[in-house]
Structures are given as structure tokens and as C-alpha cells.
Amino acid sequence: MIDPGKVLATFCINGEEQACAFVSHRTLLEVLREDLQLTGTKHGCELGECGACTVQINGVPVLSCLMLAVDAIGQQIRTVEGLADGPALHPLQDAFADLGAAQCGYCTPGLLMTAEALIARDPCPSREAIKQGLAGNLCRCTGYLKIFEAVELAAARMRGENPVPKRETIYGS
Amino acid sequence: MVLDDPRLADAAAGQASAKWRHDVKKEDLRVIGTAIRKVDARSKVSGLTRFADDLSLPRMIYMKLLRSTQAHARIKRVDVSKAKAVPGVKGILTGEDLPTPFGILPVSQDEHALCPDKVRFVGDPVVAIAALTEDAAWDACRLVEVDYEPLHTIGSIKEAVEHEEPRIHDYGVRGNIHRLENLEFGDLAAGFAASDHIREDTFFFEGNTHLPMEQHASLAHFDKDGKLTIWSSTQTPHYLHKALARVLHPLPAHHIRVIACPNGGGFGGKSDPFNHEICAAKMSMLTGRPVKISLTREEVFFCHRGRHPVLMHARIGVSKTGRIKALDFHSLLDGGAYGSYGTASTFYTGALQTVTYAVENYHFRGARLFTNKAPCGPKRGHGTVQPRFALEVQLDKIACDLKLDPAQMRIDNLAPRDSLTANFLQIGSMGLMQCINKVVDGSGWKTRRGLQERTADGRIRGLGIACSSYLSGAGLPIYWNGMPHSGVQLKLDRSGLVTVFCGSTDIGQGSDSVLTWIIAEVLGIDPLGMRVVTSDTDLTPVDLGSYSSRVTVMTGNAAMQAAERAREILAKGASEQLQVPVARLTFADARVFDSENPDKGMSFADAVIAAESRFGTIGTVGSYTPPKSAAKFRGGGVGPSPSYSYSATVVEVEVDPETGIYRVPKVWMAHDIGRALNAAVAMGQIEGSVYMGLGEAMMEEMAYRDRSHKGHRIFVHKIPSLLEYKSPSTMEMPEVVTYVVEDPDKNGPFGAKEVGQGPLLPIMPAVANAIFDAVGVRVDEVPITPEKVFAALVQKRAGKVGRYGPDELPPVNFGDSLKIKTPWQGGDGTAWNEPKRDKKAAR
Ligand code: FES
Ligand code: FES
């Protein structure tokens, strides 16, 4: 039986084609998490207020709770599941893990996707640029400081530098 | 096992052997104190951590709750017939289906999973509906007809005091008073008589909420074998297990399995058993299908259990040099609609004042009121945050009155280490002096305070100081019994894998990793190579839960004991095989070897094989029970802890003297945590506390919309969304200079105390004190919004007292106090005027 209430579409997610039939009013967030079981992308409000659901569409961070899935057809969708390169973590993931920038880890996927796009735009972001760039992602655990430091660390590693985190970042003053 | 039961060898549960004493030197530790990754770090940064809402099961259906639209009303009629007819609906529950009340504390079992006859706040659940899709469940909810008969709404502390009728609950002290406490330690009159200076101040701390990024979710599955499993975002699987067993009776407790998923933040907000969890379980039993519920953000605001709004009055007497002679402290708590942890919260508003500064004579009166708001409960710093604000601001005012340096005055008042306080709390290690010195030096306090420097944009700078202390877990369990608070089991595999089983729940604070660090240190293995199985009531020994900062000390000690027992068994096996005496064996780098000849040894895996060949399958257990408290009076159960953490902060503000708008550019925070088990993780906890404290200080509040509509009062949460409930973003987060102070405590694993609740507390008063330093006005109310600063500035300009805050407390009759002699009066921890208690009845 053909269900007229559903859309059958193929998405390009993390470089792979994935077909899916879904109710047409579903958001991209719902389709990713519930229809495709890509639960790495989180939600904190489903109203565009927290940034937990951030994914990249053609390299640009987008709140997947505010985007209809039908609008993502034919676009390059990237989620946290597509960040690591095989078994190797992305430098941002490594830096977040090293500095404890993920406490509960719930805001982390959204922050990683936002930060990745930020570094792609600006490989050497200032602290102010990082603050501005991540301002739409709420985190209740970390106080953001370890996140800023992790983004700086990852950006430096991605520039081919070999930075060591500051002593006071880890051990305090 | 052929060995003597090692449990007999170290019968004093939780006491570490000499090798792992609290004061072991840093250089002798390989894992503890380093900054290794958390055991679950890779999953967390990969989006692979499975939170409750990430789970699904075949044939799963979705549940929604219809919630009350009335603040206080009797339910006259519930008609679900139209909802039943919605295609896809599989099950409907109403109050009749879940008649047994529950609640976190044995003394306040006052909640129903679905309100049977009365609703007590906008958001109270009335009907649960499960359907094939979430949309269908919502649609069906909208078709339920509920007739309410409105009752008078109680909207504030004052209203609750003034209106004995209608009662929100039919239990409690009287009227709408839930709890009344009145405790007097020492001789207040004598203390005030001996004082050179006496001050009285009134404060208000508005409620605020945890706002975890993860919305609560649960998945329940009643299987065909008659067993129930529930996965849930809970900090307290053990207590959820208890509540389920109670409400779902006659389903036997041992047919119920609670698995707490990693929490996407908790902060105390997921510590109660919740109605949605119980409904999901019951719905699964009704429909025979797995049932999922994920709350909307608005519903998370209704779950609440956050900071109590508290009105406080403090009368304090000091000597000329600022030494505290007497403190008379009053608190009135707005509890919201249910009991929750409220009894404990009430006591906590009076418990810890004495743990930072020596208070010679102390009188505490506290009352908790019921109101028609979302229920309040424990939020980071549980009940101690509001009085800490009052005390630290009042001390600042005293210092100003007496022209003393507020930092020095605090140092002069410090409670001594290894002492008993006026209310019989046992202080152990106490690094507050070091904390104060760190932030005073770091911030340039001595030279920069009181300068009222202008910034380039015309703002005025100010510095404020404040201190605090916090518990490392509650000394008494919620259900009084003689069993341990925390248990750990270890399984040692022939591959060398060590698996740890423990009931504790990782809410982001890193408790899973704490287990691995301690065990890895004792067994000389790589913590990242271990397997952790936690928070599963079927598989793991009980841990009471991730609340009151108890996990590091309590599960830590239990883990230490289990690891030491495993080490003992392995050492015996290895000793026989290597022909090296046990005392000479070292466990390090995943090897067991002769410390005098390191080449002579074996791998850790071979040591397991040697021991298993000799003694059979290897498994050990450890458990922890806190030391007995010296406080024996009624109410003395709240406050005792194995140890107390300390914090001191200096906050810098820049205030616009025209508008009252201010910003916080920099914070210096020092936290005495006994010992940092992991440096980076401890830092993260401290920074997170500073952040959350700033949110409370500057903007966060549970505001209610109070309107009248056609003669009917509308009383509803004003801003139940992440956008409108303001919390600090990256843009508001200041620079933080963190000092980790380590004053090892003998009750902690490797000397560790709590980390991460304590440093929240001094932020709010330090902000208030800094604003005074900058522009000379007092805001005696939290949050300290620019409007309030502005209002105080206007007063000041008009030549009046530059202050914003409440004037008085509504009068409450507290009755006679329990009178307790202080330790220095020769008191024994009992109240001399307490009527004899029937011990059995008390339980
Ligand atoms: S879930 Fe999309 S912004 Fe919050
Ligand atoms: S790490 Fe918990 S919300 Fe960011």
C-alpha cells in the first residue's frame, strides 16, 4: 500500500545515501533520530533555543529541530556520527575528551558540529570569535571554559602545530 | 575461596590500609591526580553515549501526559471516551489506576502518578495516554474532558502563612505549613549580651531550576516473563526502584529492574521518583508493549524540584573584632505543591552556617510552606545556598560597620579543623584559610578593593568576597537502616580485565571514571582498560544515588575496599608463584613484580590466572557506611557528612551607575576538595559551579504569571522555555582563575572530598558584595537583576538607604525550641528538653 501521508526520500548523510519513508511534517531532527536511528544528534527544546540539535547542511551549522526533513533532501547532511575518520577521532573530539569539555556530553554533539564549521571558516579563531560562534549552543555543565580551550587546542592541532594545553587549564593556578 | 574471608581482616568498613592513606604523597600515585580522560570520554564526544531518549525497542508505543490547567482545583469528572476512539491509541490511565501515593522521603509520600481527586499546580498530571505515534497520543490528550472545581490558589510564602484554608495537603504541621523546625544551640541571650555589635537583616532568594540540557525520558518494558525493566534519566535508580515497588504492588520488587541511563545533566533535578516514570511502567503492564515517554522542555519546568524560594531573617551579634558570638536565623521556604526532599531542604537552610565560621551560640528556625507551584527540591547546594547568600552578605555589612577587611574578618572567624560545631557537625580537614588567601592574593583584593575605578565605558569596578562549605554526602540515608550507602563488586577476568559493578549513576560528573581511577591505582592497571557496569538494580550493588555530592567519597571508599581485597588475593597467588614475599610485591604498569627486583614479575593477567588457579573464581566486594554522627537531637540527621569541602571566591563586577546594568568580567575561585582524583575533571566541576552560580546570581528565576480572568486566578509558570528562562551563554561567561586546594581528609579515598557543589554557593553573595563595593548599594535579593540595582541606586540618590530587598517575614509561630548544649557547654548532642522518642515509631 502506498501511504499518501508519507514522503519517500533519499538523504545524503555523512557522505552516504540513506532512503527513508517519513511523515511529511517531520523535522530533520525527528527523521535523523527516530526514523534513521542516528541518535547522536540531541535535543533540549525542539524550539530552536538550545543548539543541542545542531547538524551541518552543506557545511553550515543548522538547528535540525527547525528544519523540515523534506528541505534537507538533496543537501549534504553531516552529523556527529560523521565526524570521526574511521577509528580515529576528529581533532575536536580528541581535544574535548582530553580537556573534559564533555561532562554529561549531552550538548557535545551540537557544539562539535558548530565548532567544526567555525574552524573550517576560521582556522585560527580568537577567544572572542569562539564565544560568538558558539553562543547559540547552551551547556549547563562546563561553564564553557573547557569548551573554549578545547576548540583552541583542536584548531592549533589542525593547523599542524603541536600545542600543549596550559598548565592552569588542567591543574588550576 | 580458601583464603580467610578478607572481610574479617578489615572489618572497619571503608578504612583504607596504610598504603592508601589519605595523606599518601602525590609522587607515589600514578593514576590519582593526573588528567587522564574519563573512561566514557570517547563515547561522549562521538554521540554514542545512550541517553534514555536514544533508546527504542520493537513494538514500542509513545506516551503523553495530560496536565492540569488549574493551579489548585478539585477534579469533578474525567471523561476519556473521545480519546479512546482516536486511531492508534493503545492505553489510557487515570488516577484510579495508580491509587498508591509515593514520594522520595518516607515522611512525605504525598504524590500520585496521576492526580486522583485534586490538582495542586499547573502541570500536575491527570491522564496518561499511549499510542502508536506521539502525534496520536497528543491528539487523544486534547480530547480528554476534565471538569475542575477551582480552589483558592496559594501563590507565595506570605499567602501560605496567611491562609490556613484551603489546605493544599491534609498532612503537615497545620494549615499550609509542611514543616517547622526550631533548634537552639547554646545560650543565645548570653551570646547577644556579650556582643559589641548586633545587626538584623532580611533577605530573599527567588527559586530557580536545574535546567539540565537533557529533558527527562523513560522507556519501560514489562516482558512476557512478568518482569519490568525501566530505563530512565534518573540520578537515583535505587529510590525509583523503591517507589515503583510501592506503587505497582503486588508486582514483587525483585521483578522490577531500574537502569539509570547516563544523565544529560541532573544537578538534583532527576533525584525524585517521577510520575512519568511510574506511568510508563504501569502503561507497559497494561498494554504489554514497551512504552516510551520523553518530556517536552515545558514539562521539565513542571517536574522542577529546584531551588526553594526562601525568605530569611538573620540577627547576628559580633565582638568589636567581628567574632561571631550569636546567630539567630529564620527561614521560610516556598516548597511548591509537594513534599519532595523538602524536609531535608528545611533543615539544610540551617545546618551548615556553622561549618565555615565558628558560631558560639546558634538558633535556627525554619518553616516550609506548601504553595500551588511546581514542587521544589534539591538543586546543587541543596538548601544551603540561600542561607549562605544571607550570611555572607550580612558578614560583609558587619565588616563595613566595623571598618574591618571582610576577608580578614572571615579568616578570624574560621571554624577550627577537627572540631565539633555548635550543632554537632564533625569537621575534619579544613582548607578554607588557604582558599581565602589564594583568592585574596590572586585578585589583588588588598589594593584593588574600594577604589571604585572607572572602566573605559564609564562603569565602576567593584570586588566582592564570599566563602562556603558543602557536604561530601549525607551522613544518614533517606531510609534509616544499618546497610551500607554504597557497594562495589569487582570481577577479575583471566584476560586481565577488571569489571566494576556499582549502583552509582554518572550524571556527567564522572562517577564511572572515579571508580576506575581508584581501582586502577590500587591494582596498578590502566583505568581506560577497565569495564564499568553501573546503575542497574538487577546487576549492581546498591548505591544510594548521585545526590548531595556523596559519590566520590562513598563509592570511592567502597571501590577502594573491593580493590584492596582483590589485590590481597592476587598478591597471595603471585607471591607463591614468584617466590617473593607479599610485602615486597608492587602492582604497577599492569604488572605484579618484586619491588627489589622489578624484572622478576608477571603481567596483571598472569597474576589473575595464578590466583584463580590457586583459589578459584575471583570476585570481591566493598562497601561504605559513613561514620556515626555526634548529633543525636531530632533533626540532627541533616547536616552530618564524612567531610566538608570549602570554597572562597572573589568576584569582580563593572556596574553602570546610571542604569544598574552590570557585568562580571572575572572570578577567582579556590576550592578545597581534599585531593583531586583527576585534575582536569575537578577543574571542570569547579568552573561549572561558577557558571551555574552566576546564572543564579544574575538572571535565573522561576517566575509566575499571576492574572485574574473572569474572577478566576490564573497562576502559571511565566517562562517555561530555554529562551525565556535566561541562563548564561558563552557570551556571559567570565574569565575564571581556579585554585585547586588539597587538604586531604582522612575519611576520603586518597583524602578526596566533594567537588563541584560547594563552589556554586559563594558566587551569589560575592556578586552582591562586589556591587556594593562598586556603587554602594545593597541588593539583598537573588537574582541580582539590573532593575534591582537600579532601584537601590534611585533610593540612594534620593538620600535614602540604597537597598533593595524584603522588609520582613510574615509571622509564624514556631513554638518552643529544642534546646541543645553546645560541645563547649559540655553538651552530648542530645536536646535536654526533648520528649523521649519511640525509636521504632521514628522509623
Ligand atoms: S533542540 Fe533544536 S535548538 Fe534545542
Ligand atoms: S556537558 Fe552537559 S550540557 Fe554540556
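**The cavities and their linings**

Tutor: Start with the second largest cavity. Its lining residues divide into 10 nonpolar, 4 polar and no charged. Keep in mind that this is a predicted model. The space in this cavity is about 100 Å³. It has 14 lining residues, and those closest to its centre are B:Leu183, B:Phe185, B:Ala351, B:Asn423 and B:Val638. Three elements of chain B give two or more residues each to this lining: strand 7 (177-185), helix 10 (342-351) and strand 15 (361-369). Helix 10 of chain B makes the largest contribution, with 3 residues.

Now take the largest cavity. Its volume is about 620 Å³. A total of 42 residues line it. Closest to the centre are B:Gln509, B:Ser549, B:Gln685, B:Val755 and B:Gln757. Three helices of chain B each supply at least two lining residues: helix 16 (511-523), helix 17 (551-578) and helix 19 (679-698). By class, this lining holds 17 nonpolar, 19 polar and 6 charged residues.

Last, the overall count. With a cut-off of 30 Å³ or more, the model has 12 cavities.

Key:
Residues numbered from 1 in each chain as written. Chains lettered and ligands numbered in written order. Predicted model: local features only at pLDDT ≥ 70, side-chain atom pairs only at ≥ 80, totals over all residues. Heavy atoms only, no water. 1 Å grid on protein atoms, 1.4 Å probe; cavity = no way out; pocket = protein on both sides within 12 Å on 5 of 7 lines; lining within 4 Å. Points joined across faces, edges and corners; volume = space filled by probe spheres on them. Helix = DSSP H or I, 4+ residues; strand = E, 2+ residues; numbered from the N terminus. Nonpolar A, V, L, I, M, F, W, Y, C, P; charged D, E, K, R; others polar.
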